[in-house]
Amino acid sequence: MVDSMAEQLQQDMACEGLLECFHGLKRLDREVFQTLVHTDEPLTVDAIAESVDRERSTAYRAVQRLLQAGFIQKEQVNYDQGGYYHVYKPASNVTDDMQRFLNDWYAKMGQLIEEFENKYERNDAANSLEG
C-alpha cells in the first residue's frame, strides 16, 4: 500500500487505479465494476458473484462499496405477481464525480498549504528578524 502522495505520483498507475486512489476501493470492487461496465444489461448480485467467482455475500459487500462511492446505481425490477429484486449498472456520471472530487481535493490542499505557510514559514522569518 502506498503511504504518501509522493509515492503515489511516482507509482505507475492505470486508469482503474483511480477507484482505489479516490475512494479506497479494493481489487474486488474494481473487478465488480469492470464486470458491470462490460455487460449490456444490469446484473443481480447473484450474477455479479458468479462472474467474479466469489460468494454472494462477498460480492454484495463490493456492490455496496461501489454504490456508496457513486460508481454504480441500483434499480428495482418488479415481478408481475408482486415482489421485486435489484439489479446494478455503472453510474453515468462517474468521471464528472471524479473531476469534482479532484477539484475539491485540490482546493483543500491549497488551503492546507497556505495554513502551513502561515503557521511555520512566516513564523520562521519573523524569528530570524528578531535574532
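Q: What is the relative accessible area of Lys89?
A: Lys89 has a relative accessible area of 27% and is partly exposed, where buried means under 20%, exposed over 50% and partly exposed in between, taken with a 1.4 Å probe on protein chains only. This is a predicted model, in which local features need pLDDT of at least 70 and side-chain atom pairs count only at pLDDT 80 or more, while totals for chains, interfaces and linings use all residues. Residues are numbered from 1 along each chain as its sequence is written, and side-chain values use heavy atoms, with hydrogens and water left out.

Q: Which residue forms a salt bridge with Lys89?
A: Glu75 does, with the closest N and O atoms 2.8 Å apart; a salt bridge here is a side-chain nitrogen of Lys or Arg within 4 Å of a carboxyl oxygen of Asp or Glu. Glu75 belongs to strand S1 (residues 72-78) and Lys89 to strand S2 (residues 84-90), so the pair ties together parts of the chain that are 14 residues apart in sequence. Glu75 is partly exposed too, at 29% relative accessibility. The helices (H or I, at least four residues) and strands (E, at least two) are DSSP runs, numbered from the N terminus.

Q: How many salt bridges does the count come to?
A: The count by this rule is 4. One of them joins Asp29 to Arg65, with their closest N and O atoms 2.8 Å apart. Asp29 sits in helix H3 (residues 27-37) and Arg65 in helix H5 (residues 56-69), so this pair connects parts that are 36 residues apart in sequence.

Q: Which residue meets Arg56 in a salt bridge?
A: That is Asp46, at 2.8 Å from N to O. The pair links distant parts of the chain, with Arg56 in helix H5 and Asp46 in helix H4 (residues 45-52), 10 residues apart. Arg56 is partly exposed, with a relative accessible area of 46%, and Asp46 is likewise partly exposed at 46%.

Q: At what angle do the axes of H4 and H5 cross?
A: They cross at roughly 105° and come within 8 Å of each other, the axes being lines fitted to C-alpha atoms, for helices over the stretch in contact, with angles from 0 to 180 degrees between N-to-C directions. H4 and H5 are therefore roughly perpendicular to each other, given that angles under 35 degrees count as roughly parallel, over 145 as roughly antiparallel, 65 to 115 as roughly perpendicular and the rest as oblique.

Q: Which residues of H4 and H5 meet there?
A: From H4, Val45, Asp46, Ile48 and Ala49 meet Arg56, Ala59, Tyr60 and Val63 of H5, contact meaning heavy atoms within 4.5 Å. By class, that contact of H4 with H5 has 6 nonpolar, no polar and 2 charged residues; Ala, Val, Leu, Ile, Met, Phe, Trp, Tyr, Cys and Pro count as nonpolar, Asp, Glu, Lys and Arg as charged, and the others, Gly among them, as polar.

Q: Which residues of H4 are buried?
A: They are Val45, Ile48, Ala49 and Val52. Viewed down the axis of H4, these buried residues fall within an arc of 100°, so they line one face of the helix, where the arc is that of the directions from the helix axis to the C-beta atoms. What covers them includes H3, H5 and S2.

Q: What about H3, which of its residues are buried?
A: Leu28, Asp29, Val32, Phe33, Thr35 and Leu36 are the buried residues of H3. Their arc around the axis is only 160°, which puts them on the same side of H3. Thr35, for one, has a relative accessible area of 14%, and apart from its neighbours within four places in sequence, Thr35 is in contact with Leu43, Ser51 and Val52.

Q: Switching topic, where is Asp53 found?
A: Asp53 is in the loop between H4 and H5, and has a positive phi of about 55° although it is not a glycine. Most residues other than glycine have a negative phi. Asp53 counts as exposed, at 67% relative accessibility.

Q: Last one, how many helices and strands does the chain come to?
A: There are 6 helices and 2 strands, and from the N terminus on the elements run α-α-α-α-α-β-β-α. Of the 131 residues of the chain, 21% count as buried.
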